[in-house]
Amino acid sequence: MPANAIKLDATDRTEFGKGSSRRARRAGQVPAVVYGHGTEPRHLLLEEHATRLALRGNENALIELNVDGESLLALAKDVQRHPIRPGVQHIDFLLVNRNEKVEVEVPVVVTGEPEPGTIHIIELAHVLVSAPAIAIPESIDVDLTGVEAGTAVRVSDLTLPDGVEAITEADADVVNVSLEAVEVAEEETPAEAAEGAAPAEAE
């Protein structure tokens, strides 16, 4: 298995339904399903805390599932989290093999500071790419060091790792740099100042 795959132990799930899901979560487990490569979906249970740590900070984590001695290489495709407290509720995994490419959305991360007096706006938070299953980038960095106002960084301008190709349209804007808006207070004329200082006439 690839060295960069995160290993998680899993067991086959034998009970189904909302009641069994609630019992599993109370026991510190998270239900999951693995599908892909023309196989029947396989329902599993994983240890929730270890799973949450494995998926933290990486939307496209490569996971090696150890199911009773059988190894399955998979990508987390859909992660349902608890709306209030930390916790993973359910995961859909996609089976992959080390020799194939997969299409994934990779988050954009801005680094560096553009020219003073400018601001940047991220127009595209994720870029769809084709990447080797064993070498999916965790992020796509956009370096704005010294970039001038009026600059648009497009998909075609991105520096991607070897073997990674953008699928998102090349002319799509990823980040725009513009002048920072400055509010200028209007100065009062002497007449306006005198009028504001004069006492109001009695009615």
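A: Thr118 belongs to strand S8, which covers residues 118-122; strands here are DSSP runs of E with at least two residues, helices are runs of H or I with at least four, and both are numbered from the N terminus. This is a predicted model, in which local features need pLDDT of at least 70 and side-chain atom pairs count only at pLDDT 80 or more, while totals for chains, interfaces and linings use all residues. Residues are numbered from 1 along each chain as its sequence is written, and side-chain values use heavy atoms, with hydrogens and water left out.

Thr118 counts as buried because its relative accessibility is 12%, where buried means under 20%, exposed over 50% and partly exposed in between, with a 1.4 Å probe and protein chains only. The side chain of Thr118 comes to 2.5 Å from the backbone oxygen of Glu115, a polar contact being a donor and acceptor pair of N or O atoms within 3.5 Å. Beyond its neighbours within four places in sequence, Thr118 touches Ala149, Val177, Ser178, Leu179 and Glu180, contact meaning heavy atoms within 4.5 Å.

Turning to the charged pairs, the whole structure holds four salt bridges, each defined by a side-chain nitrogen of Lys or Arg within 4 Å of a carboxyl oxygen of Asp or Glu. One of them joins Asp12 to Arg42, with the closest N and O atoms 2.9 Å apart. Since Asp12 is in strand S1 and Arg42 in strand S3, this pair ties together parts that lie 30 residues apart in sequence. Asp12 is partly exposed, with a relative accessible area of 33%, and Arg42 also counts as partly exposed, at 24%.

Arg42 forms a salt bridge with Glu70 as well, and there the closest N and O atoms are 2.9 Å apart. This pair again links distant parts of the chain, with Arg42 in strand S3 and Glu70 in strand S5, 28 residues apart. Glu70 is partly exposed at 36% relative accessibility, and Asp12, Arg42 and Glu70 are thus linked in a network of salt bridges.

Another salt bridge brings together the side chains of Glu48 and Arg52, at 3.0 Å from N to O. Both residues lie in helix H2, where Glu48 and Arg52 are four residues apart, or about one turn of the helix. Within this pair, Glu48 counts as buried at 13% relative accessibility, whereas Arg52 is partly exposed at 24%.
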